[in-house]
Amino acid sequence: MTNTTIAPEDLQKSILQHLEKSLGKDTQNATLYDWRTSLSLALRDLVVDPWFRSTRKTYEAAGKRVYYLSMEFLIGRLLEDVAINLGAEDASRKALADLGLEYDKVVRDEPDAALGNGGLGRLAACFLDSLSTLGIPAYGYGIRYEHGLFEQHFEDGRQIEVAEGWLAQRHTWEFERPEVTYRIGFGGHVNGNWEPAETVIANAYDTPILGWKGRWANTLRLWSAKPTVLFDLGSFNRGDLVGAVVPEALARAISRVLYPDDTTEAGKELRLKQEYFFTSASLQDIVRRFGSEGYDIDTLADHVAIQLNDTHPAIAGPELIRLLADDHGVEMARAIEIARDCLAYTNHTLLPEALERWDLGLFARTLPRHLQIIETIEADHLSRTGSHVRIIEDHSVKMGELAFVMAHCVNGVSALHSELVKKTVFADLNRDYPGRIINQTNGVTPRRWLYNCNAPLRELINRTIGESWVDDLDQLKKLETHVSDAGFLEDFMAAKQANKKRLANWLGEQVGQTVDPAAMFDIQIKRIHEYKRQFMNILETIAHWNEIRDNPNGDWTPRLKIFGGKAAPGYFVAKEIIHLINDVSRVINTDPVTRDRLKVIYPPNYNVSMAEVLIPAADLSEQISTAGKEASGTGNMKFALNGALTIGTLDGANVEIRERVGEENFFLFGLTAEEVVNRRTQHDFSRTAIANSPHLARVLNQIADGLFSAGDPGRYHGLVTLLYEHDYFLVTCDFDDYHATQNKVDTAFVDRRRWSEMAALNTARSGWFSSDRTIEGYAKDIWNTPSLLDKSGS
Ligand code: GL4
C-alpha cells in the first residue's frame with residue numbers, strides 16, 4: 001500500500017511554509033481562504049509524486065490509454081477528496097487544530113467546481129475517481145469554463161440565476177501549461193486544404209486526479225480559449241478602445257460559460273464552437289502524444305481508446321479522420337476505420353430534444369471541411385449496410401447518428417435504458433450494426449459518496465467488516481449477516497440519526513428553519529424537470545396536508561420534505577414548479593394545525609456539496625420519474641448506499657436497485673415504461689384519471705383557486721391546465737398509486753426495527769453500484785485496457 005502517511009507536524013510545517021512563501025501572508029493576517037489554500041498546496045505537494053510515478057509507468061507500459069471526452073465534469077470540492085485518498089485527513093485535522101483552526105470549516109471554504117449540470121457531469125467525475133483508483137491510465141478532457149453552473153437564488157419563491165465565479169479565486173489544484181496549446185479553426189473555405197477564417201488557441205490546464213490510497217493519479221486536462229492575437233493595437237492606436245479588445249473577447253467567449261442545460265439543444269453557433277473547440281484540442285493532443293512516442297499512425301487504435309460522453313463530442317469522428325487523412329496522409333477509407341476502432345459512444349438520454357441536431361447552414365459555415373467528411377462517412381455507411389438511416393437529413397446534421405456510426409461500441413447507462421435505446425432511438429441502426437449496442441449500468445464512487453460524506457456510517461462499517469470495502473464495494477455484503485443483530489441495527493440507526501442532526505443544524509444555518517430530527521427525512525434532489533415529476537411530489541404533499549387537516553388528531557408520521565435542484569433558465573414550466581413548491585412550503589410551514597407533522601423545505605442552490613450533507617441524512621429517496629424517461633439516475637444509488645429507502649417507479653437504474661436490495665425493501669409504484677406508452681394513446685387519459693381521484697381533484701382545485709398564491713389566484717392556471725390537457729409525463733395517472741405508496745411508507749417508518757433492517761440491507765446490497773464496477777465493465781467490454789496498478793505496493 002502506498003498510503004502516503006504524513007505526520008501532522010510535517011504537514012503543519014508545510015502549511016506554514018506555503019502560507020508565507022506561496023501566499024505572502026503571516027499567521028496574523030491569514031484569512032480562511034489563505035489557510036485553505038495553504039493546506040491545499042501542502043497536500044498537492046504530496047500528490048505530485050504518485051502523479052509522476054503513474055505517468056512514468058503509463059509511458060513505460062506502452063499500452064492502451066483511455067481518453068474520456070466530456071463537455072461536463074461536475075467535480076465539487078477537491079480538498080477533502082485529496083485528503084482522504086492520501087490518508088491525510090487525520091493529519092490535516094490535527095495540523096490545523098494546533099493552529100487554532102477547524103478542519104471542517106476550512107474544507108467548506110472551497111467553492112464547488114461546478115463544471116456540469118447534473119448526472120451526466122457528475123458521472124464523469126465519478127469515472128475519473130474510479131479510473132485512478134483502478135490504475136487505468138486515462139485522461140479526462142473537457143472545458144475550463146470560467147463560469148460554472150449558475151447560482152440559484154429565490155426571490156419571492158422564484159428562481160433567479162446569478163453568474164457563478166469559482167475562478168475568481170485561485171484554483172489551487174490545477175497546473176497551467178502555457179506551452180501546451182493548439183490552434184482551433186472555424187469557418188473559411190476548403191480549396192484542397194481547409195483554410196479557416198477564424199482561429200483561437202486552446203490552452204491546457206492539468207489537474208491531477210488521485211485514486212484511493214494515492215496508488216495512482218491520472219490527469220484531467222481542461223482547455224481554456226485564448227485569442228491568437230492578444231490585443232488589436234491598430235484599433236487602440238486609432239482611439240477605438242473597445243474595438244481593440246474585441247478579438248480577445250470573442251475568443252475567450254468559447255470557454256466563458258457552461259450551458260445551463262444538458263437536455264435541450266442549446267443551439268447556436270457558440271455551443272457548436274465549444275464542442276468543436278474541446279474535441280479538436282483533445283484529439284490534436286492525443287495524436288501529438290502518440291506521434292511523440294514514435295508509433296506508426298496506423299496502430300493508433302492499439303494505443304488509444306476514446307470515450308464520447310454523450311453526443312457533445314460527436315464531432316470527434318470527422319475531426320479524427322481529418323487529422324489522419326489531411327494532416328497525416330492516411331487514405332480516407334483507412335482513416336475512417338482507424339477512427340472507428342478508437343471511438344466509443346455513451347448515450348445518456350432518450351429525450352428527443354437532447355439528441356443534438358445542427359442546422360446544416362450553420363454547420364457548413366462553421367465546419368466546412370467536417371461537413372465534407374461527414375458526407376463521406378455517410379456514403380460509406382450507406383453502401384456498407386444498405387441502411388436507410390442518414391446522418392444528414394431534413395437540413396440538419398444528426399449528431400446521435402454520427403456518433404453511432406463512428407463508434408465501434410455504443411452503450412446505454414442502465415439495463416432498461418440500453419434496451420430502450422435498441423428499441424427506440426437507434427432501432428434501425430441496431431439492425432444495421434447488430435451487437436454494437438451494449439449496456440454499462442452507471443455507478444458512483446464510494447470514496448466521495450459514503451466514505452467521505454458519511455463519517456458515522458463509515459466508522460460503523462469499518463468496525464464491523466474492516467476497511468477493504470472502500471475500493472471493493474461488494475464487501476458490503478458482509479454486513480448482511482449483521483442485520484439480524486439488534487445491536488448492529490441500533491448502531492446503524494444511530495449513524496443515521498447523527499447525520500440527520502447534522503442536516504438539521506445545517507438547515508438552521510442555511511435557511512433559518514428548525515426541524516425535528518426524529519421526523520422522516522424525505523428528499524428529492526436533482527434537476528427540476530417535468531419527467532422527474534417534482535410536480536407530482538408537491539401535489540402529493542398537498543394531498544397529505546389535506547388529510548392531516550381533515551383528521552388533526554390522527555396518528556400521523558412526522559415528515560420533513562426536502563427539495564433541491566435548479567431549473568434551466570429558459571425552461572418556463574420547471575420554473576413554475578419551483579415557484580409552486582416554494583409557495584406551498586410557505587403555507588404549510590406556517591399552518592399551526594400541521595406544523596409538527598409536515599414541513600417542506602427547499603434550500604436554494606443545490607450542488608454537489610449540498611448533496612453530501614443531504615444524502616447521508618435521508619430516510620426516503622424520491623425516484624419518481626415517468627417510466628422510460630430517466631436513463632439511469634445516480635442519485636438513486638447514492639441514497640440506497642447511504643441507507644435510505646427508495647420510493648420509485650420502474651425506471652432507469654431503479655429497476656436494478658430494486659432487484660438487488662430486494663423488492664420487500666423498496667417502495668414501488670406507477671406505470672411501467674410499456675404502460676406509459678399505451679396510456680398516452682387513450683383518449684382523455686388525464687381527465688379520466690383526475691375524475692377518478694378525489695384527492696388529486698381537490699388539490700388541483702385548491703391550487704387553481706389560489707390557496708397557495710394569495711393575491712394572485714391565476715398564478716398556476718397554466719400548470720393546472722397542463723395536467724388536464726397535456727399531461728405527457730402522466731402525473732395524473734400515477735398520482736393515486738404514489739399517494740397510496742406514500743401512506744405505506746408512513747406506516748413502515750413507525751416500525752423502527754423493520755425499517756432499520758430495510759435501511760441496512762439497502763447499504764449492504766448496494767455494492768454493485770460502485771463506479772469501480774462500471775469502469776471495470778468499460779475497460780473489459782469497450783476499451784480493452786488493463787490496470788497498471790500493483791495493488792501490493794509502490
Ligand atoms: C443523464 C440522465 O438523465 C441520467 O438519468 C443519467 O444518470 C446521467 C448519467 O448517465 O445522464 N442524461 C443527461 S443528458 N443528463 C443526465 O444526467
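Student: Is the crossing of α1 past α2 left-handed or right-handed?
Tutor: This is a predicted model, where local features need pLDDT of at least 70, side-chain atom pairs count only at pLDDT 80 or more, and totals for chains, interfaces and linings use all residues. Helices here are DSSP runs of H or I, at least four residues, numbered from the N terminus, and residues are numbered from 1 along each chain as its sequence is written. A crossing is left-handed if the near helix is turned anticlockwise from the far one by less than a right angle, and right-handed if clockwise. For α1 passing α2, the crossing is right-handed.

Student: At what angle do the axes of α1 and α2 cross?
Tutor: Axes are lines fitted to C-alpha atoms over the stretch in contact, with angles from 0 to 180 degrees between N-to-C directions. Helix α1 covers residues 8-22, and its axis comes within 8 Å of that of α2. They cross at roughly 120°.

Student: Which residues of α2 does α1 meet?
Tutor: Contact means C-beta atoms, placed from the backbone, within 7 Å. From α1 come L11, S14, I15, H18, L19 and S22. Their partners in α2 are D34, S38, L39, L41, A42 and D45.

Student: Which helix gives the largest share of the side of domain 1 that touches domain 2?
Tutor: By an automatic or database assignment, domain 1 is 6-61 + 78-111 and domain 2 is 62-77 + 112-440. Between them, 22 residues of domain 1 are in contact with 23 residues of domain 2. On the domain 1 side, α2 (32-61) and α3 (79-85) each supply at least two residues. The largest share, 12 residues, comes from α2.

Student: How far apart are the C-alpha centres of domain 1 and domain 2?
Tutor: These two domains do touch, with 22 residues of domain 1 taking part. Still, their C-alpha centres lie apart by 33 Å.
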